[in-house]
Amino acid sequence: EKPAPPPPAPPAPSAKGSTGPAAEIEKLDMAIEILEKKISLNEKKVGVELQKAKEYNAKGNKAFALQCMKRKKQMEEQITSAYAQMSNLETMRTKLQESALLKQVLEATKAGAKRLEQDNKELNADQIEDERERIQEIISDQKAVADALSQPLDGDVVDEDELMGELDELMELDAELEAEAEAEKAKTKAGKAKATAVSLPDMPSVPVGKLPNKQVLVEEEEGEDEAALRALEAELNS
């Protein structure tokens, strides 16, 4: 056996039973679509009649050519009229859309105002002030609990100012020691540089005058020897 065919699909909902701006806008869209199709068809017919009129006129059949031109003229008038009607429908559609939008805005504004009015009745200034004071009291209680839990268990309270003063004194002492160390380091470095400096010895002066002749020097040496010899002889003979 062949399987049973699937049940037919339910018909699409019609806008006939719908009301409101949406239904009217849908009707206008359908009318505009019909006019657009009519304009497109008549424009094609105008072209056909014009072509036929040219052919009849070329064959010398003036009567048929005139009939074609008359039909062309009528279709052109229909096209002009359809354009005017379509423009009016588009204007009406735009106005309906604007009206629907304004209606939605107005309804939303009314709903918002109603809600604000209801909220204002539920929340007044006195209630807000009472709630704020209650919250501040809760925060104050929490802070007191936190302070109590942070206290030392042995009851020894530390003087924070005294500790900070001691820290400042230690930091000043460290700074002084560091400055003294830097000064001592610089002094030691300067001493080493002075000790390693080399001083050049004094060189003998270069003679300025003319050096004596070698022969003169020999003669002077011989005269001194003779004088010494004579002195020795005289001392022996005495």
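A residue counts as buried under 20% relative accessible area, as exposed over 50%, and as partly exposed in between. The exercises below concern a predicted model.

**Exercise 1. Overall architecture**

Determine how many helices and strands the protein has and in what order the elements run.

*Solution.* The secondary structure consists of five helices and zero strands. Read from the N terminus, the elements follow the order α-α-α-α-α. Two further values describe the chain as a whole. Of its 238 residues, 8% count as buried. Among contacts with a separation of 6 or more, 69% are made by residues 24 or more positions apart.

**Exercise 2. The arrangement of α1 and α2**

Classify the relative direction of helices α1 and α2, and state the handedness of their crossing.

*Solution.* Step 1: identify the elements. Helix α1 spans residues 21-59, and helix α2 spans residues 62-122.
Step 1: take the geometry. The two axes come within 8 Å and cross at roughly 160°.
Step 2: classify the angle. Angles over 145 degrees count as roughly antiparallel, and α1 is therefore roughly antiparallel to α2.
Step 3: assign the hand. The crossing in which α1 passes α2 is left-handed.

**Exercise 3. Lys-72**

Decide whether Lys-72 is buried or exposed, and list what its side chain and its other atoms meet.

*Solution.* Step 1: locate the residue. Lys-72 belongs to helix α2.
Step 1: apply the cut-off. The relative accessible area of Lys-72 is 14%; because buried means under 20%, Lys-72 is buried.
Step 2: find the polar partner. The side chains of Lys-72 and Glu-76 are joined by a polar contact of 2.5 Å.
Step 3: collect the contacts. Leaving out residues up to four places away in sequence, Lys-72 touches Val-46, Glu-49 and Leu-50.

**Exercise 4. Aromatic pairing**

Count the aromatic pairs, and classify the geometry and accessibility of the residues involved.

*Solution.* Step 1: with ring centres required to lie within 6.5 Å, the count is one aromatic pair.
Step 1: Tyr-56 and Phe-64 form this pair, with 5.2 Å centre to centre and 90° between the planes.
Step 2: because planes over 60 degrees apart count as edge-to-face, the pair of Tyr-56 and Phe-64 is edge-to-face.
Step 3: Tyr-56 is partly exposed at 26% relative accessibility, and Phe-64 is partly exposed at 43%.

How values were computed. Residues are numbered from 1 along each chain as its sequence is written. This is a predicted model: local features need pLDDT of at least 70, side-chain atom pairs count only at pLDDT 80 or more; totals for chains, interfaces and linings use all residues. Side-chain values use heavy atoms; hydrogens and water are left out. Helices (H or I, at least four residues) and strands (E, at least two) are DSSP runs, numbered from the N terminus. Buried means under 20% relative accessible area, exposed over 50%, partly exposed in between (1.4 Å probe, protein chains only). A polar contact is a pair of N or O atoms within 3.5 Å; within protein, one must be able to donate a hydrogen and the other to accept it, and residues adjacent in sequence count only if both atoms are side-chain atoms. Contact means heavy atoms within 4.5 Å. Rings of Phe, Tyr and Trp (its six-membered ring) pair if their centres lie within 6.5 Å; planes under 30 degrees apart count as stacked, over 60 as edge-to-face and the rest as tilted. Axes are lines fitted to C-alpha atoms, for helices over the stretch in contact, and angles run from 0 to 180 degrees between N-to-C directions. Angles under 35 degrees count as roughly parallel, over 145 as roughly antiparallel, 65 to 115 as roughly perpendicular and the rest as oblique. A crossing is left-handed if the near helix is turned anticlockwise from the far one by less than a right angle, and right-handed if clockwise.
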